[in-house]
Amino acid sequence: MEEHYLLFLVLVSAIGNFGSVRNSGIEITLNTRNIQTDNFSWRTSFNFAKNKNEILELDGDLDLLPYEDHGVLQVGQPADAIWSYQRDGIWQLDEIAEADVYGQDPGQRKYVDQNNDGVLNDEDKVVLGQLSPDWTAGLTNTFTYKNLDLSIQAYTRQGSYGHSEFNSLSVPWNGDDATFNKVDLDYWTPNNPDSENPALEYGANGDYYTDFDFVRIGNIGLGYQFSDKMLDKLQMSSLRLSVNIQNPFTFTDYEGSDPETGLQNNYNGGYLTKTVLFGLKLSY
């Protein structure tokens, strides 16, 4: 499917048509009955969604318009693109002369000089990713054996990239130790040159971009429906026992509390909890 939208920009309380965006994507839902016998069954429900948005044009002769800290409206790129410098490691002690060209020192993060002019400015910034995911998917398998049933539901989000509010507020160089605990970072020292993060004195530059991909087991449910023979003895019409474990497992490289809400500000972001629910449903 393909859709076209107008792109709006607010400038000094003035609203006007500023360009156009194209959205195209696909959604798939598949329900299957894999096994069916007198005593056992296995059913699967699968869904998949993929969307691509692309800026087709901007106002006048513009093809690029930066906004805020790391946003950009650029022809040919998604409307929620992340625009910043491309990382290239950390300056080392044997690179003092090269680092000095950019006014930097060993221990600071190194960035790619895209046009090799010896200056880092907006001309060297590139699109690193986008906030919206490349694709999402969900999978539910349901098994039944006689009166016993088991369901396992999983879902995933892939391709989401943005600024980590968790790392921005929780790194050790922010100077607010009385407010937040700090994460244990692998930061640069002369004896630790292969670190992922710059030296402590150079870390507070806001460069906390990361992936927010994850695979999550959303629910594991187990239930037992009492047989008609047992219901007759109990003089009941229905009796079912169940237990559901919500959000038992999350697989991700994201360092914060929850990749699904990691793009939100830490003060407003949600913190997913593991929950065990026991159920009893009966009727006479």
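In the predicted model, the side chains of lysine 125 and aspartate 122 form a salt bridge with an N to O distance of 3.4 Å; a salt bridge is a side-chain nitrogen of Lys or Arg within 4 Å of a carboxyl oxygen of Asp or Glu. Lysine 125 is buried at 18% relative accessibility, whereas aspartate 122 is partly exposed at 42% (buried, under 20% relative accessible area; exposed, over 50%; partly exposed, in between; 1.4 Å probe, protein chains only). By this rule, 6 salt bridges are counted. The model is predicted, with local features requiring pLDDT of at least 70 and side-chain atom pairs pLDDT 80 or more, while totals for chains, interfaces and linings use all residues. Residues are numbered from 1 along each chain as its sequence is written, and side-chain values use heavy atoms, without hydrogens and water.

Arginine 216 and aspartate 258 also form a salt bridge, their closest N and O atoms lying 2.8 Å apart. This pair links distant parts of the chain, 42 residues apart: arginine 216 is in strand β14 (residues 214-225), and aspartate 258 is in the loop between β15 and β16 (275-283). Strands (E, at least two residues) are DSSP runs, numbered from the N terminus. Arginine 216 is buried, with a relative accessible area of 2%, and aspartate 258 is buried, also with 2%. A network of salt bridges links Arg216, Asp258 and Glu260.

Most residues other than glycine have a negative phi. Glutamate 68, which is not a glycine, has a positive phi of about 50 degrees. Glutamate 68 is located in the loop between β4 (64-67) and β5 (71-74) and is exposed at 76% relative accessibility.

Notes: Helix = DSSP H or I, 4+ residues; strand = E, 2+ residues; numbered from the N terminus.
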